[in-house]
Amino acid sequence: MSGTTTGEKVTFTLNGRQVTAEPGETVLSVARRLDVHIPTLCFHESVSSYGACRLCLVEVFWGKRSKLVTSCLYIPYPDDRIETDNARIHGVRKLVLELLLARSPHVEAIRELAREYCVEVPRFRPSAVTADATRCVLCDLCVRVCAEVVGQSAIGYAGRGSERVITVPFGEQAEECIGCGACVFICPTQALSYEDIAGQRLMKELNTSVPLVACRVCGEHFATEKQLAKLRERITMPDELVDVCPRCRGTEFTRVLDEALVTKPRV
Amino acid sequence: MSEQTATCMDTILDEVLGRYPARPSSLIAVLQDLQEALNFLPPVALNRVASALHVPRSQVYHVATFYKAFSLTPRGKHLVSICRGTACHVQGDEKVADMLHAELGIRDGETSADGEFTLQSVRCLGCCSLAPVIMIDREVFGNLTAAALRRALAQYRDDMTS
Ligand code: FES
Ligand code: FES
């Protein structure tokens with residue numbers, strides 16, 4: 001579904017205005033740059049686009065024909081005429097929101113969007129599986145952040161259709177999970193959470209707990225062992241500072257530095 | 001799991017993994033062969049497959065739970081697939097399900113007490129003109145009637161005793 005792959009800039013029309021996309025740039029990215037609002041739920045600039053939520057739909061016109069595409073994935077062709085809001089788009093987004101609201105009526109982000117599109121009571125009933133009002137809308141952000149940013153691929157799916165859920169393998173304690181909380185942070189619907197209790201970080205919905213490390217200076221638990229190991233793989237950090245929490249790191253750094261200067265004076 | 005079944009499982013795993021190149025694209029083929037050989041996909045096997053093919057466990061689990069052809073719990077000796085596709089639905093798939101329940105005492109996803117039959121619902125077996133259709137292992141039984149169904153089941157029961 002990619003427009004041009006020639007590595008050239010593309011000029012197209014966005015809401016009646018001539019605009020230019022960088023090579024390979026999506027319509028959503030161009031729109032954001034130009035302050036044109038398009039609602040999204042499954043998009044985040046730190047990870048690849050997935051096209052799950054269908055809220056970012058826009059309409060592309062060529063001559064008399066047109067079609068709806070997801071702007072987070074669609075790379076424009078030269079001379080595309082694209083509209084980001086009109087009656088057709090509004091109608092489809094409204095339908096999508098009705099479905100989302102029926103599935104996850106407690107999620108503030110969805111309620112807010114639904115209000116914006118004048119959806120009050122959805123016409124749909126949730127399926128038997130999701131009847132307990134799940135907060136997860138299967139936007140895939142946690143899966144992508146875990147794979148692409150954290151590099152762990154601890155989270156994935158199980159099942160299909162209306163039984164599809166987010167889970168770790170077999171739904172139990174996953175050694176891949178480093179307890180970094182990136183999934184909790186990126187989740188747009190607060191479907192995931194963690195709690196630090198008794199020296200362990202409990203990734204609640206993932207049924208996984210990861211041991212925490214106490215700061216060498218203040219004694220407060222501030223990260224998991226596996227998180228620190230990962231950090232060390234990625235950035236060079238003086239050994240003395242790895243088990244020191246961010247708050248103590250500044251003063252500790254000066255102390256370590258002083259000590260080094262005293263014991264090994266410059267020649 | 002006893003030591004003996006553990007080594008037996010290892011042999012099967014080695015053998016099946018040896019059939020395909022050790023890369024992610026072999027995943028489904030490996031799982032199919034394992035399902036065939038073991039009659040289900042136990043966690044140990046899935047974990048081994050993940051590391052052997054360089055696929056994250058999360059993805060192996062996703063695939064294994066996605067396809068109806070795979071089962072994470074032991075299946076009976078014979079798999080009875082009842083078609084719930086549109087044509088079969090119109091031709092009375094509910095009645096077929098009830099007849100199977102009467103005969104075997106099991107519903108969708110269950111295994112009969114004697115461990116002989118597992119029942120699963122599938123969408124369209126691809127021979128709608130024969131609706132209503134069931135499949136036992138790899139054999140298709142179309143235009144089902146109560147009598148035909150009983151005959152089909154008996155055939156498989158006999159298979160086992162002989
Ligand atoms: S943001 Fe494009 S489909 Fe969700
Ligand atoms: S609907 Fe049953 S075979 Fe197609």
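Chain B contains seven helices and four strands. The coordinates come from a predicted model. Chain B meets chain A in a contact that draws 12 residues from chain B and 17 residues from chain A.

**Architecture of chain B**

- Read from the N terminus, the elements of chain B follow the order α-α-α-α-β-α-α-β-β-β-α.
- Along the principal axes, the C-alpha atoms of chain B occupy a box of roughly 45 × 35 × 20 Å.

**Interface between chain B and chain A**

- The size of an interface is often expressed as the accessible area lost when the parts come together.
- For chain B and chain A, the buried area is about 1100 Å², and 61% of it lies on carbon and sulfur atoms.
- One salt bridge is counted between chain B and chain A.
- That salt bridge pairs Glu176(A) with Arg57(B), and the closest N and O atoms are 2.5 Å apart.
- Four residue pairs, both members at pLDDT 80 or more, are in polar contact across the interface of chain B and chain A.
- On the side of chain B that touches chain A, the elements giving two or more residues are helix 3 (43–53) and helix 4 (57–66) of chain B.
- Helix 4 of chain B gives the most to that side, with six residues.
- By residue class, the side of chain B that touches chain A comprises six nonpolar, four polar and two charged residues.

**A salt bridge within chain A**

- Side chains of opposite charge can pair when their charged atoms come close.
- Glu59(A) and Arg88(A) form a salt bridge through their side chains, at 2.9 Å from N to O.
- This pair links distant parts of the chain, with Glu59(A) in strand 3 (residues 57–62) of chain A and Arg88(A) in helix 2 (residues 87–103) of chain A, 29 residues apart.

**The cavity**

- What is the volume of the largest cavity? The largest cavity has a volume of about 90 Å³.
- Its lining consists of 15 residues, and those nearest the centre of the largest cavity are Cys146(A), Cys177(A), Ile178(A), Cys180(A) and Cys183(A).
- The lining of the largest cavity divides into 11 nonpolar residues, three polar residues and one charged residue.

Note on methods
Residues are numbered from 1 along each chain as its sequence is written. Chains are lettered from A and ligands numbered from 1 in the order in which they are written. This is a predicted model: local features need pLDDT of at least 70, side-chain atom pairs count only at pLDDT 80 or more; totals for chains, interfaces and linings use all residues. Side-chain values use heavy atoms; hydrogens and water are left out. Contact means heavy atoms within 4.5 Å. Buried area is the accessible area (1.4 Å probe) that two parts lose on being put together, summed over both. A salt bridge is a side-chain nitrogen of Lys or Arg within 4 Å of a carboxyl oxygen of Asp or Glu. A polar contact is a pair of N or O atoms within 3.5 Å; within protein, one must be able to donate a hydrogen and the other to accept it, and residues adjacent in sequence count only if both atoms are side-chain atoms. Ala, Val, Leu, Ile, Met, Phe, Trp, Tyr, Cys and Pro count as nonpolar, Asp, Glu, Lys and Arg as charged, and the others, Gly among them, as polar. On a 1 Å grid over the protein atoms alone, a cavity is a set of points where a 1.4 Å probe fits but cannot get out, and a pocket is an open set with protein on both sides within 12 Å along at least five of seven lines; lining residues have an atom within 4 Å of a point. Grid points are joined across faces, edges and corners, and a volume is the space filled by probe spheres set on the points.
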